[in-house]
Each structure stands twice: as structure tokens, then as C-alpha cells.
Amino acid sequence: MDARQSKRRANIPRAVSLRDAAQDPSAGHFRALTLFDESAGTARAARNMVGACLQDWGLGHMVDDGRLVVSELVGNVVHHAVPDDCLTQPGAARRIDVLVKAWPGWLFIGVADEDSTPPDLPTREFVSPELVGDFSEALLPDQGRGLLIIQRLADAVWWSPKGPGGKTVWVRFDLDSAT
């Protein structure tokens with residue numbers, strides 16, 4: 001190797017191994033999994049992926065909350081989502097994308113489906129629990145309890161439209177407050 005080649009090599013940044021990058025929280029992390037609702041193990045696969053990601057990224061304290069959130073969101077897709085006409089394929093299973101993003105200070109979990117109908121995110125409590133007394137079950141809505149649980153666990157919950165059809169429901173955890 002001549003002097004010019006070695007000088008060029010000296011200016012090239014040293015590559016960081018994938019293992020080192022995966023352990024460095026300043027690098028951020030991202031994983032995605034595409035599932036189809038035809039399998040009885042769809043929610044289990046999503047829970048396992050999220051749990052493994054969080055363990056790998058040194059966020060073991062978030063595993064239970066992350067698994068519960070993704071399980072509720074995937075369950076909502078399986079039980080309630082109806083694909084938009086532009087995405088409907090006769091005989092095809094519904095597609096579910098699970099996204100997990102970690103950035104210094106935040107953890108994002110997103111579940112995308114093929115139904116652009118907005119989710120019914122609970123907006124507030126209508127009755128004070130102190131006024132209900134022994135009938136606290138009267139406070140529970142007929143539907144949307146999973147999203148209510150998610151809102152109580154997470155620091156933020158929202159949704160965004162996706163491409164020609166569908167949506168993504170996002171959940172954000174502030175990691176500084178979770179430790």
C-alpha cells in the first residue's frame with residue numbers, strides 16, 4: 001500500500017460493530033416486524049419481539065409495559081380493524097406492522113394497520129371515582145379499556161394516517177421518568 005492509500009484510510013472513520021452500536025443508547029435503535037392476523041400467535045409474536053428488543057437495548061425495566069402495550073394494540077387490530085377498500089385483497093390476511101424505536105430519553109411503539117378509521121382514544125374520565133363509591137365498575141367504558149390502560153401507562157398516545165390507507169397508533173414512554 002502506498003502513502004496516498006494509507007493517508008486516505010486514516011481519514012476514513014473506523015466502523016463501529018453492530019453489537020457496539022446496538023448497546024450504545026446515543027445511536028438510537030429501530031426494529032420492525034410485519035405480522036398477519038391469520039395466526040393465533042400474532043399478539044404473542046409481537047410481545048416477544050418487543051420484549052427481546054427492550055432487553056437487548058438495556059431497557060429491561062420497560063419490558064412488561066412494552067409487552068402489554070403492543071399486545072393491546074395488536075389485539076385491537078385483530079378484533080376491530082377493517083382494511084380500507086384500496087388495501088382489501090380477497091382472501092388475504094390483514095397486515096400488521098409493529099415498530100419499536102428507542103432514542104435517548106424516549107421509547108416509541110407503533111402498530112400500523114390497514115384501517116384508516118381513527119381509534120377511539122379515551123379523552124377523559126367523566127365521573128370522579130370518589131363520587132362513585134362501591135360501584136367503581138360503573139366507570140369502565142363498554143369498549144376502549146385497552147386504550148385506557150395504555151394511556152395510563154404511557155406518557156403519550158396518538159395516531160397518524162399511513163400512506164394510501166391505514167393508520168399507525170403510537171405510544172411514547174419518557175425513559176427519564178421510567179427509571
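**Close-up views of a predicted model**

**View 1. The Arg172–Asp174 pair is shown as a salt bridge.** Asp174 and Arg172 form a salt bridge whose closest N and O atoms are 2.7 Å apart, the term being applied where a side-chain nitrogen of Lys or Arg is within 4 Å of a carboxyl oxygen of Asp or Glu. Arg172 has a relative accessible area of 22% and is therefore partly exposed, given that buried means under 20% relative accessible area, exposed over 50%, and partly exposed in between (1.4 Å probe, protein chains only). The model is predicted, so that local features need pLDDT of at least 70 and side-chain atom pairs count only at pLDDT 80 or more, whereas totals for chains, interfaces and linings use all residues. Residues are numbered from 1 along each chain as its sequence is written, and side-chain values use heavy atoms, with hydrogens and water left out.

**View 2. Arg95, Asp97 and Lys162 are linked in a network of salt bridges.** The structure holds six salt bridges, and among them is the one in which the side chains of Arg95 and Asp97 meet at 3.0 Å, N to O. Asp97 also meets Lys162 through their side chains, in a salt bridge of 3.8 Å, N to O. Because Asp97 lies in strand β2 (residues 95–103) and Lys162 in the loop between β4 and β5, this pair ties together parts that are 65 residues apart in sequence; helices (H or I, at least four residues) and strands (E, at least two) are DSSP runs, numbered from the N terminus. Asp97 is buried, with a relative accessible area of 12%, whereas Arg95 counts as partly exposed at 36% relative accessibility and Lys162 counts as partly exposed at 25%.

**View 3. Strands β4 and β5 form a hairpin.** Strand β4 (residues 156–161) and strand β5 (residues 167–174) run antiparallel and are joined by six bridges, where pairing requires that DSSP finds at least two bridges between two strands. Within this pairing, Val157 stands opposite Val171 in β5. Five residues lie between the two strands, and in the turn Gly163 has a positive phi of about 45 degrees.

**View 4. Thr168 is shown with its contacts.** Thr168 has its place in strand β5 and is buried, with a relative accessible area of 6%. Leaving aside residues up to four places away in sequence, Thr168 touches Leu99, Gly110, Val111, Ala112, Trp158, Trp159, Ser160 and Lys162, contact meaning heavy atoms within 4.5 Å.

**View 5. Leu68, Ile149 and Leu153 make a nonpolar surface patch.** The patch comes to about 210 Å², with accessible areas taken from the Shrake-Rupley method with a 1.4 Å probe and, for residues, only the protein chains shown counting as cover. Patches are made of residues with over 30% relative accessible area and no salt bridge, like charges being joined within 9 Å and nonpolar side chains (Val, Leu, Ile, Met, Phe, Trp, Tyr) within 5 Å. Leu68 is found in helix α4 (residues 63–80) and, at 34% relative accessibility, counts as partly exposed.

**Setting of the views. The protein has seven helices and five strands.** From the N terminus on, the elements run α-α-β-α-α-β-β-α-α-β-β-α. Of the 179 residues in the protein, buried residues make up 33%, while the protein exposes about 11,400 Å², of which carbon and sulfur atoms supply 53%.
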